[in-house]
Amino acid sequence: MKKISCLLTMLVVCSSIFAMDVSLGVKGDIGMNTFTQEVNVKGSGISMTTDLDTNFIFSGRIGVVAGFQINDLFAIEPEVMFNLRNGAKFDMSEDDYKVESIMTYKTLELPVMFKAKFNVGNGKLAVGIGPQFNLLIGDIHEKTTVTYDGESVTETDAYSAEDNCMKTFSMGLAIGAEYGIELGAGTLVVGGRLAFDLTNMLDEDAFKKDYENLEGITVEATMQQIQFFPSIAYMIKL
């Protein structure tokens with residue numbers, strides 16, 4: 001229901017401003033993804049917090065964007081973006097032992113940006129903020145390379161979000177800035193954006209089942225996505 005409600009909200013917002021200046025465009029990003037993960041274990045004299053050490057991986061997004069100009073200053077711009085390679089990289093090493101693991105998955109991302117635009121030079125500078133809704137698509141893929149004493153072994157695996165105690169829906173916040181200049185029949189827009197989750201990507205109930213046989217132990221776990229994307233778009237006014 002949460003997914004449907006969010007999508008309906010987007011449609012209502014967009015349809016309510018159909019009479020305003022409207023533009024459509026295509027957009028592409030090349031950027032970086034990672035996520036944070038924290039596990040807290042408490043009970044029976046135990047209090048332990050573990051933070052998973054993750055690194056960014058390179059990714060790319062392609063999609064479409066619609067622009068609804070409210071007045072000379074404010075605009076609302078919903079997007080539908082397909083993230084080709086979301087996820088993160090994990091590294092662990094000790095003496096001659098090293099483990100490198102890359103977890104990747106695809107997501108459909110739906111940002112709705114509320115922007116303020118200012119005349120700067122020959123174009124417009126825009127700053128924006130808005131919610132981003134993320135839908136995990138397909139399986140999660142993991143590639144792990146273990147190196148010991150100079151020799152490496154690599155294994156690959158694929159599993160569902162449910163098998164990894166992950167939700168298929170998350171919601172976050174996106175913040176960005178961009179600069180647009182008229183080019184040909186439309187406007188060329190170059191910018192950058194930071195997005196991060198506000199909700200937990202992990203299904204805590206499913207995660208806790210792994211510890212349900214440990215009497216007196218409580219487990220709390222969080223996993224949140226972080227993204228940074230330089231972007232380029234081309235918009236045409238209808």
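In what order do the elements of the chain run from the N terminus on? They run α-β-β-β-β-β-β-β-β-β-β-α-β, with two helices and eleven strands in the chain; helices (H or I, at least four residues) and strands (E, at least two) are DSSP runs. This is a predicted model, in which local features need pLDDT of at least 70, side-chain atom pairs count only at pLDDT 80 or more, and totals for chains, interfaces and linings use all residues. Residues are numbered from 1 along each chain, and side-chain values use heavy atoms, without hydrogens and water.

**Chain**
- Of the 238 residues, 39% are buried, meaning under 20% relative accessible area with a 1.4 Å probe.
- Among contacts (heavy atoms within 4.5 Å) with a separation of 6 or more, 70% join residues 24 or more positions apart.

**Largest pocket**
- The largest pocket holds about 770 Å³ of space; a pocket is an open set of points on a 1 Å grid where a 1.4 Å probe fits, with protein on both sides within 12 Å along at least five of seven lines, and lining residues have an atom within 4 Å of a point.
- Its lining comprises 34 residues, of which Ser23, Gln69, Lys117, Lys124 and Thr187 are the closest to the centre.
- Elements giving two or more residues to this lining include strand S1 (21-43) and strand S7 (123-148).

**Glutamine 132**
- Glutamine 132 lies in strand S7 and counts as buried because its relative accessibility is 2%.
- Beyond four places in sequence, glutamine 132 touches residues including Arg61, Glu109 and Gln227.

Terms used: Points joined across faces, edges and corners; volume = space filled by probe spheres on them. Buried < 20%, exposed > 50% of the residue type's maximum accessible area, 1.4 Å probe, protein only.
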